[in-house]
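This note sets out, for a colleague new to the structure, some points on ligand surroundings, domains and helix packing.

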Amino acid sequence: MTDWIDIAELNDVPRRGARVVKTAHGCVAVFRTAEDEVFALDNACPHKKGPLSEGIVHGKAVTCPLHNWAISLETGSVMGVDEGQVSTYPARVQDGRILLDGTFLRARAVA
Amino acid sequence: MKKLVIIGAGMASGRALERLIDADPEAYDVTLFNAEPRGNYNRIMLSPVLSGEKSYAEIVTHDDDWYAQNNVTCRFGEPVTGIDRDRKVVIGTKGEVPYDKLLIATGSAPFIIPVPGHDKPGVIAYRDLDDTNAMINAADAPGKSAVVIGGGLLGLEAAAGLALRGMSVTVIHLMGHLLERQLDPAAGYLLQKDLEKRGIKVHCQGATKAILGEDRAEAVLLEDGTVYDADLVVMAVGIRPETRAATDAGLDVGRGISVDAQMVTSDPDILAVGECVEFDGQLFGLVAPLYDQAKVVAATLLDQPAAFTPKELSTKLKVTGCDLFSAGDFADGEGREDIVFRDPSRGVYKRLVIEDDQLKGAVFYGDTSDSNWFFGLIRDGEDISDMRETLIFGPAYQGGSPVDPLSAVAALPRDAEICGCNGVCKGQIEDAIAGGATDLGAVRAITKASGSCGTCTGLVEQVLSVTLGDDFKMPAAQSICGCTDMTHEDVRRMIKSQELKSMPAVWQECGWKTSCGCHICRPALNYYLLADWPLDYKDDPQSRFINERKHANIQKDGTFSVVPRMWGGMTNPAELRAIADAAEKYNVPTVHVTGGQRIDLLGVKGEDLPAIWADLNKAGLVSGHAYSKGLRTVKTCVGTDHCRFGTQDSTGLGIKLEKKLWGSWTPHKVKLAVSGCPRNCAEATCKDIGVVCVDSGYQIGVGGAAGMDVKETERLADAATEEDAIELATAFMQLYRENGKYLDRPYKWIAKVGLDWVKERVVDDLESRKALVERFELSQSIYRTDPWAEHVKERAESYQPLANLTLEAAE
Ligand code: SRM
Ligand SMILES: Cc1cc2nc3c(=O)[nH]c(=O)nc-3n(C[C@H](O)[C@H](O)[C@H](O)COP(=O)(O)OP(=O)(O)OC[C@H]3O[C@@H](n4cnc5c(N)ncnc54)[C@H](O)[C@@H]3O)c2cc1C
Ligand code: SF4
Ligand code: FES
């Protein structure tokens, strides 16, 4: 069962930008693309845990601020020659609000 | 006969009536209420009425005869004020009417932003014939101006119509580009350009603060302080379903009146159709789905089975000469292939988004001739794998030309300046080629193009290639990134000579191959645009590396370092105390004295940045820009103040230079130093700009470095006075800002253009030096501010987490 938690207004996250949501087990980065889609990923790069929320967002990808790995916002996988995977979480926009799936966020805390 | 009452004689109920009467004229005795004092007309065509291309008579759908022939009792000009469901009557202002079935078709009400002054005379919406007539009347006298708030479909149609009627029109739009829901930034740019050609001024990212005026609207004030004169203000910021009657009657209403697929509301005897309904969470604002609904409503009223299903929609703008089309989902991303075609010469932009061998979305500007065909592909989910390669050329392809990497240069007019140093236009180069110059050397010899700083070499070669075709071999040049075939230098010349003032403008006119750039080109373009058009271009933080976006250096663990400016390396007990207090208060783990004569607080949490800055600001400390491609430090020695060898006030000059240059953005970082004598304790001879004081004045060196390369400065000039020294340094800085390639330190740039070229402009030609200083000052009028103070005041909130779920998860 999905349990959508209302996180914030969509406009609180800049286009082609990100903000973090604090959870008991670390931060989740919430991204907003130029086309107003939102994605939620662990805020830690598979390379050396760079904070992905601080990267440059282009298309549906983010470039890590520390060493420029590019990560797909849709799948969480590292693009190009490097390899790695970031956890992703269900996220959606409804009536201009960002919703995250609470069940998933808690499952993450247990894992 | 059963009684049917309809509230609202608009486009949706009109179509439903036609369907009903066609199928069974004897089924109902119909009474039709309408708040407007007229029956159903083609509301869509109000824009041609406004522009004068049509008259009202031409857009009437149902006239008096039609209603009479079909026995519809009309109660026009009579709004319905209530519905009594127990007694099954509708209450109009002139009396009640009983119903067996009721159809609500009240459409939408325009949204009015409740800013001060919104209720003044002269402020109108754009919804019906009365609004249209009010606009036509306002445009009657010459010399009037109008402001349209809202750059969506309606707003732009209003703006174009008013402009055609001779008003001077400004469109205020909240978002970054026009029609942001229908178009991507690239197409939005072309649209804006076309509107501007018609004399319509467009102000994006403008938030309305108030409507000013004594007894009526006279002007519009924006949050950023801009004021536009306005005899007429048209608000076209959106619509919301007109649900008042339904809400008062106790029907289920969400954002619109809730209906099921048969268009029945929560009361089985009441149906609803049109813009006033909400179905499956969706609202509807275009007629295509309303007509589908009308068909279903008619069937339901006749007890026939039918169900409404929303379909894919497409958009067009009804402004003659602005051809645009968009449909489907055109967001890009992984698993999705973006096919972009740009023809800068015709102002054409086409973008297709493909996923799983299907066309998912399309945006066209400038050439929409094949849009119906593409729309069909999207709607039907057709497999396009066979035609993928040529899809973008449309159904008639089979022979369409591939995207030409040189089309941007081919599109330049003859008077476009190619070589800035020698003022050579494209036409002169073409003439030289026609006269027999077939290689770069020959063109250079005849026209001087690319003969000075050489940064336009790529463009000259491209002109050769475009003119000579296969007879010219283009040397391979390194493009900025995969998004373009052009080099940094080429793009920058285009930005200057074609006056490109926004990223979408660059993407279109330089034929970018992606729809909106990547992390490599965007920071470079952001720099070029803000350096070349300081007053017009608005800095885009999202195109900056994190350090420059958050005005602090990111550390390997995601924390940040904070380095306040110490002008010329000078400090005092009060500043040191403030730094010590801040270090304690924010648990700063490391305090380090940098190689740049100041103090670095390392390991500050991102969310503490605004607070620590506010504390430092209070002590008079501002950002040291230790993170920027901009002015870093100005190191000094103690000079004549204390040192027995000092020849001039090196500390004082260093501080003056730092106060003059700080805050400016540059292609790469810029460091300065001023030493009081040739013993050079401030290490001025390995800085980007280094001043060594001597008895006779100041020796100014440039192009030094002590990083990955170690380079000694070269002498730019000797100056007799402090003023001269400052002017020379400033002019040099500006020349570097205007010509350096992004991420080239000055020494690399000087190696390309030659020190003599620099001297000519900064030292020898006094006019040029003065002009450089003036342009630098103009830019500084925007950028010489403390970003920390600004962020503390305006964006502190954005440094905090979006939400904190730690408590929730702990429960
Ligand atoms: C803090 C400091 C070291 C220190 O503790 O002393 C420092 C720290 C960094 N330097 Fe530096 N440099 C510092 C003085 C220098 C100096 C010495 C100087 O300025 O007199 C140099 C050599 C002089 C020069 O620039 O030519 C220097 C040459 C570099 C370079 C190589 C630049 C080059 O063109 O070769 C880089 C890399 C770059 O900028 O791309 C660099 C990059 C960096 C970065 C920003 C690396 C990064 O991108 O994250 C370091 C940030 C650390 C942090 O988290 O704050 N740093 N760096 C010094 C800050 C000076 C200041 O007050 O602003
Ligand atoms: C200038 C303009 C241009 C447009 N261009 C396009 C376009 O190009 N393409 C497109 O698809 N769509 C376009 N539209 C939108 C389109 O016109 C609407 O989607 C359509 O008219 C909605 O039909 P409707 O019957 O739901 O509402 P309407 O046509 O608005 O009719 C509702 C009627 O109900 C009346 N009413 C409301 N409340 C009451 C009450 N309590 N009692 C009695 N009567 C009441 C109103 O006065 C109104 O006459 C445009 C709209 C405008 C204003
Ligand atoms: S020399 Fe500069 S860039 Fe290298 S580790 Fe030290 S601070 Fe970092
Ligand atoms: S930590 Fe992300 S690229 Fe190194």
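1. A polar contact is a pair of N or O atoms within 3.5 Å; within protein, one atom must be able to donate a hydrogen and the other to accept it, and residues adjacent in sequence count only if both atoms are side-chain atoms. In such a contact, an N or O atom in the side chain of Arg43(B) is 2.9 Å from an oxygen atom of ligand 2.

2. The model is predicted: local features need pLDDT of at least 70 and side-chain atom pairs count only at pLDDT 80 or more, while totals for chains, interfaces and linings use all residues. Residues are numbered from 1 along each chain as its sequence is written, chains are lettered from A and ligands numbered from 1 in the order in which they are written, and side-chain values use heavy atoms, with hydrogens and water left out.

3. Ligand 2 is surrounded by 27 residues (a residue is near if one of its heavy atoms lies within 4 Å). The closest include Ala12(B) and Val287(B). A polar backbone atom of Ala12(B) is 2.8 Å from an oxygen atom of ligand 2, and for a backbone N or O atom of Val287(B) the distance to an oxygen atom of the ligand is 2.7 Å.

4. Around ligand 1 there are 21 residues, with Gln555(B), His592(B), Thr594(B), Gly595(B) and Lys669(B) the closest. The side chain of Lys671(B) places an N or O atom 2.8 Å from an oxygen atom of ligand 1. A polar side-chain atom of Asp600(B) lies 3.4 Å from an oxygen atom of this ligand, and a polar backbone atom of Gly707(B) is 3.4 Å from one.

5. Chain B is divided, by an automatic or database domain assignment, into domain 1 (2–108 + 241–301), domain 2 (123–237), domain 3 (479–544) and domain 4 (632–785). Between domain 1 and domain 4 of chain B, the C-alpha centres are 74 Å apart.

6. Helices here are DSSP runs of H or I, at least four residues, numbered from the N terminus. Helix 12 (residues 440–447) and helix 13 (residues 457–468) of chain B pack at about 105 degrees, their axes 10 Å apart. Axes are lines fitted to C-alpha atoms over the stretch in contact, and angles run from 0 to 180 degrees between N-to-C directions. Helix 12 of chain B is therefore roughly perpendicular (65 to 115 degrees) to helix 13 of chain B.

Definitions and conventions
Helix = DSSP H or I, 4+ residues; strand = E, 2+ residues; numbered from the N terminus. Parallel < 35°, antiparallel > 145°, perpendicular 65-115°, else oblique.
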